[in-house]
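Got your viewer open and a selection tool at hand? Let's take a short walk through this model, one stop at a time.

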Amino acid sequence: LPAEGADAVVQALRMFVEIQRGGNDASWIQLRRMLEDTSPILLRTSLGLHLKFRRGDVDLLPAIRPLLEHPQADVRESAARLVEQVVSKYGPQAIGERDRLQNELASRARRDQVASVRIAAIEALDRLDGESVQAILDEIADDDPDQTVRYTAEALSYERRLRRPAAAAGDAPD
């Protein structure tokens, strides 16, 4: 191990051994705490496991939201994907401070330097309801410099438009 990183790696390994010794519930409690850890090894591992096992819930959002501003692009992308999982699972109505979360995702979707982060933010944003989300998706579909990002926004915008008339038709009286 390199001298400058040996302590962090050994500390992370100790934490993983401790998690293995604990029961399943204890492990997830520790993995939740790791979302707020400064160790990049612990943080990335926790994000990856929460995503893989679909363990995101509304109570995690206060720990996840600051990660949307993390200096590392892979952490920002994983955080956006975890937000998407949470909103998909619980619905936008269950999200506290929904407007603030929408603004944070829209900021990532519009301005992140990395296209994969913008795509993850767009996909998370799409899980929220409202006309303002539609407008954001349309704007990104028109203006983003990356073709894949534009395509993703356009496809999600199109799907939202297809769902809207079906929902309105289902509400009409017979």
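Start by selecting E104: leaving aside residues up to four places away in sequence, E104 touches R65 and L68. Before going on, keep in mind that what you have on screen is a predicted model.

Now show the side chains of E104 and R65. They are joined by a polar contact of 2.9 Å. Is E104 buried or exposed? E104 counts as buried, because its relative accessibility is 19% and the cut-off for buried is under 20%.

E104 lies in helix α6, which covers residues 98-111.

Time to look at who is touching whom. On the α6 side, pick Q102, L105, A106, R108, A109 and R110. Their partners in α7 are V117, R118, A121, I122, A124 and L125. Colour this contact by residue type and you'll find 8 nonpolar residues, 1 polar and 3 charged.

Keep α7 on screen and bring in helix α5, residues 73-90. Here the axes are 8 Å apart and the packing angle is about 15 degrees. What does that angle make of the pair? Angles under 35 degrees count as roughly parallel, so α5 and α7 are roughly parallel to each other. As for handedness, α5 passes α7 in a left-handed crossing.

To see the residues at this meeting place, select A73, R76, E77, A80, R81, V83 and E84 in α5. In α7, go for S116, V117, I119, A120, A121, E123 and A124. The contact of α5 with α7 splits into 8 nonpolar, 1 polar and 5 charged residues.

While you have α7 in view, click on V117, A121 and A124. These residues meet α6, and they also meet α5.

For the last stop, jump to helix α9, residues 147-171, and find R164 there. Which residue does the R164 side chain reach? Show E131: the two side chains make a polar contact at 3.1 Å.

Technical notes:
Residues are numbered from 1 along each chain as its sequence is written. This is a predicted model: local features need pLDDT of at least 70, side-chain atom pairs count only at pLDDT 80 or more; totals for chains, interfaces and linings use all residues. Side-chain values use heavy atoms; hydrogens and water are left out. Axes are lines fitted to C-alpha atoms, for helices over the stretch in contact, and angles run from 0 to 180 degrees between N-to-C directions. Helices (H or I, at least four residues) and strands (E, at least two) are DSSP runs, numbered from the N terminus. Contact means heavy atoms within 4.5 Å. Ala, Val, Leu, Ile, Met, Phe, Trp, Tyr, Cys and Pro count as nonpolar, Asp, Glu, Lys and Arg as charged, and the others, Gly among them, as polar. A polar contact is a pair of N or O atoms within 3.5 Å; within protein, one must be able to donate a hydrogen and the other to accept it, and residues adjacent in sequence count only if both atoms are side-chain atoms. Angles under 35 degrees count as roughly parallel, over 145 as roughly antiparallel, 65 to 115 as roughly perpendicular and the rest as oblique. A crossing is left-handed if the near helix is turned anticlockwise from the far one by less than a right angle, and right-handed if clockwise. Buried means under 20% relative accessible area, exposed over 50%, partly exposed in between (1.4 Å probe, protein chains only).
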